[in-house]
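This report describes selected features of one protein model. Please examine the sequence and the structure shown below before reading on.

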Amino acid sequence: MATSKQVSNGSSPSSDWEQGYGFQFWRSRHGYRGDGAHGQFCLVLPEQDVVIAITSGTRDMGAVLNLIWKRLLPAFGGEALPADETAHRALTTKLASLVLPAQTGGDVPAIARDVAGRTYQLEKNAAGWESVRVNATNRDSGTFAVRIDGHDATLPVGNGEWRTGTWTLMGREEPVAASGGWTGTDRYTVKVARYRTPYVLTFRLRFDGDRVEIEREQNATIAGPRVTTYKGTAVAVPVSAGR
């Protein structure tokens with residue numbers, strides 16, 4: 001009963017969101033599923049004796065299901081496949097190599113020394129982001145410091161690689177990983193992965209004298225804008241790159 005159609009939610013034969021709803025289970029074009037925000041799926045296909053679990057952070061959940069129907073469903077047969085050690089090794093190698101791409105940057109521009117260690121106070125905003133500070137005079141690494149709702153965090157940043165740290169968001173400390181680099185003569189880009197969640201934040205900072213403009217992009221969001229712009233002004237005296 002829980003996985004059968006209890007409520008009608010539309011009639012389109014091509015939509016996985018209009019196949020009827022059970023008791024906390026969605027009906028799909030094939031089988032049924034538990035369905036979470038941003039592409040968290042537990043998809044059950046009784047006829048194929050298959051369960052597919054997916055975690056993701058996407059804005060197009062329908063595209064994920066479409067790929068399953070296009071690629072996986074036709075490959076399921078009535079009998080178990082014979083062992084294939086070559087294919088198994090290839091799959092194992094592929095899975096081991098899958099990573100979230102890290103942000104990369106180019107040569108360190110002259111402006112890097114000017115902004116190193118300066119605190120940029122942000123204009124008041126609904127998200128509670130108060131200030132940022134970038135210290136990245138080395139091409140390979142740097143730090144990205146933020147103050148959010150009264151909580152300070154300094155994140156180590158790797159160019160082309162993830163480096164782990166913690167910050168406090170919405171009153172709760174959580175682990176994150178950061179990567180970044182200079183993406184222009186006045187631009188620094190940082191990615192922060194909240195890797196226990198579906199969320200990855202990208203910060204694109206553009207420096208102009210004592211001013212900074214920050215474009216913050218979130219890969220997926222339930223409500224509110226996906227891209228937000230903050231503006232700020234330097235309040236700290238520049239420090240030497242060696243500090």
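## The loop residue Asp186

Asp186 is found in the loop that joins β10 (172-182) to β11 (187-193); helices (H or I, at least four residues) and strands (E, at least two) are DSSP runs, numbered from the N terminus. The model is predicted: local features need pLDDT of at least 70, side-chain atom pairs count only at pLDDT 80 or more, and totals for chains, interfaces and linings use all residues. Residues are numbered from 1 along each chain as its sequence is written, and side-chain values use heavy atoms, with hydrogens and water left out.

With a relative accessibility of 19%, Asp186 counts as buried (buried means under 20% relative accessible area, exposed over 50%, and partly exposed in between, for a 1.4 Å probe and protein chains only). Apart from neighbours within four places in sequence, Asp186 is in contact with Ile111, Leu205, Arg206 and Phe207, where contact means heavy atoms within 4.5 Å. The side chain of Asp186 also makes a polar contact, at 2.7 Å, with the side chain of Arg187. A polar contact is a pair of N or O atoms within 3.5 Å; within protein, one must be able to donate a hydrogen and the other to accept it, and residues adjacent in sequence count only if both atoms are side-chain atoms.

## Nonpolar cores

The largest nonpolar core comprises 31 residues. Such a core is a set of buried Ala, Val, Leu, Ile, Met, Phe, Trp, Tyr and Cys residues joined through side-chain atoms within 4.5 Å. The residues with the most contacts inside the largest core are Trp129, Phe144, Trp167, Phe203, Leu205 and Phe207. Strand β12 (residues 200-208) gives the most to this core, contributing 4 residues. A second, separate core has 11 residues, among them Phe41, Leu43, Ile52 and Val64.

Which residues does Trp129 touch, not counting those up to four places away in sequence? The list includes Val146, Ile148, Trp167, Leu169, Leu201 and Phe203, together with Glu123, Arg147 and Arg216.

## Salt bridges

Side chains of opposite charge can pair when their charged atoms come close. Across the whole structure, 13 salt bridges are found, a salt bridge being a side-chain nitrogen of Lys or Arg within 4 Å of a carboxyl oxygen of Asp or Glu. One of them joins Asp16 to Arg29, whose closest N and O atoms are 2.7 Å apart. Asp16 belongs to the segment before β1 (26-27) and Arg29 to the loop between β1 and β2 (32-36), so this pair ties together parts that are 13 residues apart in sequence. Asp16 is buried at a relative accessible area of 2%, whereas Arg29 is partly exposed at 27%.

In another salt bridge, Arg118 pairs with Asp210, with 2.9 Å between the closest N and O atoms. This pair links distant parts of the chain, 92 residues apart: Arg118 is in the loop between α3 (111-115) and β5 (120-122), and Asp210 is in the loop between β12 and β13 (211-218). Arg118 is buried, with a relative accessible area of 11%, while Asp210 is partly exposed at 40%. A salt bridge also connects Arg33 and Asp35 at 2.8 Å between the closest N and O atoms. Arg33 is buried, with a relative accessible area of 0%, and Asp35 is partly exposed at 23%. Arg204, Glu215, Glu217 and Arg226 are linked in a network of salt bridges.
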